[in-house]
Amino acid sequence: MTTAPDLVETFSSASAAELAIVTRSGFVESRHSGSAIVLNQHADVIRTLGDPAAPVFGRSALKPFQAIAVMNAGVGLRGAAAVLAAASHAGTQRHISVVRSILAQAGLTEVALQCPADWPTDDAARMELVRDNSTASPIYMNCSGKHAAMLLACVTNGWPIETYLENDHPMQVQVRDVLERFTGERPVLTGVDGCGTPVHALSLSGLARGIGRIRTSSPTSPFAIYRNAGILCAAVLENGWAIDGAGRANTIVIDRLGVFAKLGAEGVMVIAAPDGTTVALKMLDGSLRAATLVGLSLLADAGALDRDAVDAVLPDLKLSILGGDRTVGEIRVSPLLEQA
């Protein structure tokens, strides 16, 4: 067990700002605090809340950088395959077929995947497996596309596949290089993510800077790293279903608002508007239920998204609080944020 002196502190409640509230029957039942930063397309700071300089684990919000690292390693991912390399997918058959095609390209089977066994997060896909008396499997884990892509990069380059999750493996060295080049920061700490890959701690400022650079990269750039970033971004915008799933937050806002969006576990969210304006945020309590709302609201406040278009999307983001079968409250942006 890790003892207190060994812990690396990230931002605390003392430095966090209230970002959202949850109401029930006219009563503020819960409050979500955290930190956020908004950068324009030139990476200039538009707005900060809390402490965006404090390091956080980017979790799955780092997947776009991991996908670019795979592409930089000589793997020509395109379309849905590129998106699955950056996805936290819902485990539908459409998702799984793409993951299997990546593994087949590498000449590997599902046995090579080192992510943990899991069930699809999509309700219908999960129930179908239950009815078929199937069991949880690594391929249904939401990170399996990323793992399959990393394995393909290993096969392409003759790197060992048994140790692809080790921090000093060439695949992971590639990931750190891409991350540092896009964010302009070196991770202050490297840990282990829920799927077993290395996960890096850096500031929300760096995370926003890196995602903004992906969004503003061109698929025709003369520089391979930015060309690959542009190819990935275009693929995400064309295949919003692949990065998440139907009816799920990232897919909804990608398809309807044209943003580049990626959630991360423990309350991390990044969203880049079409003009390159980017928000990165982290909820202190690790909850994602208000993260998309807050991110979109900050981009609308910055003039990067149309407020009416954002408002039209919000009813589909599961922000209602129910009492029986009636709506009795909502998840909403904090009044303190609105007054800032």
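Visitor: What covers the buried residues of helix 6?

Guide: Start with the terms: buried is under 20% relative accessible area, exposed is over 50% and partly exposed is in between, with a 1.4 Å probe and protein chains only. Helices (H or I, at least four residues) and strands (E, at least two) are DSSP runs numbered from the N terminus. Contact requires heavy atoms within 4.5 Å. Here the cover of helix 6 includes helix 1 (63-72), helix 5 (144-157), strand 6 (198-203), helix 7 (204-215) and helix 8 (224-238). This is a predicted model in which local features need pLDDT of at least 70 and side-chain atom pairs count only at pLDDT 80 or more, while totals for chains, interfaces and linings use all residues. Residues are numbered from 1 along each chain as its sequence is written, and side-chain values use heavy atoms, leaving out hydrogens and water.

Visitor: Which residues of helix 6 are buried?

Guide: The buried residues are M171, Q172, V175, R176, V178, L179, F182 and T183. They lie on the same side of helix 6, because they cover an arc of only 165 degrees around the axis; the arc is taken from the directions from the helix axis to the C-beta atoms.

Visitor: How many residues does helix 6 have, and how far does it reach?

Guide: The expected span of a helix is 1.5 Å times one less than its number of residues. Helix 6 runs over residues 170-183, which is 14 residues, and reaches 20 Å from its first C-alpha to its last, close to the expected 20 Å. Just after helix 6 comes G184, with a positive phi of about 75 degrees.

Visitor: Which residue other than glycine has a positive phi?

Guide: Most residues other than glycine have a negative phi. R59 has a positive value near 50 degrees. R59 sits in the loop between strand 4 (55-57) and helix 1, and is partly exposed at 21% relative accessibility. A43, also not a glycine, has a positive phi of about 70 degrees. A43 is in the loop between strand 2 (27-39) and strand 3 (45-49), and is partly exposed at 35%.

Visitor: How many salt bridges are there in the whole structure?

Guide: A salt bridge is a side-chain nitrogen of Lys or Arg within 4 Å of a carboxyl oxygen of Asp or Glu. A search of the whole structure finds eleven. One of them joins E18 and R31, with the closest N and O atoms 3.0 Å apart. E18 lies in strand 1 (residues 17-24) and R31 in strand 2, so this pair ties together parts 13 residues apart in sequence. E18 is buried, at 14%.

Visitor: Where do R47 and D301 lie?

Guide: The side chains of R47 and D301 meet in a salt bridge at 3.2 Å, N to O. R47 is in strand 3 and D301 in helix 11 (residues 291-301), so the pair ties together parts 254 residues apart in sequence. R47 is buried at 17%, whereas D301 is partly exposed at 41%.

Visitor: Which residues of helix 4 are three residues apart?

Guide: Residues three or four places apart in an α-helix point the same way, because there are 3.6 residues a turn. In helix 4 (residues 123-131), D123 and R126 are three residues apart, about one turn. Their salt bridge has its closest N and O atoms 2.6 Å apart. D123 is exposed at 51%, and R126 is partly exposed at 27%. Elsewhere, salt bridges that share partners join R47, D301 and R307 into one network.
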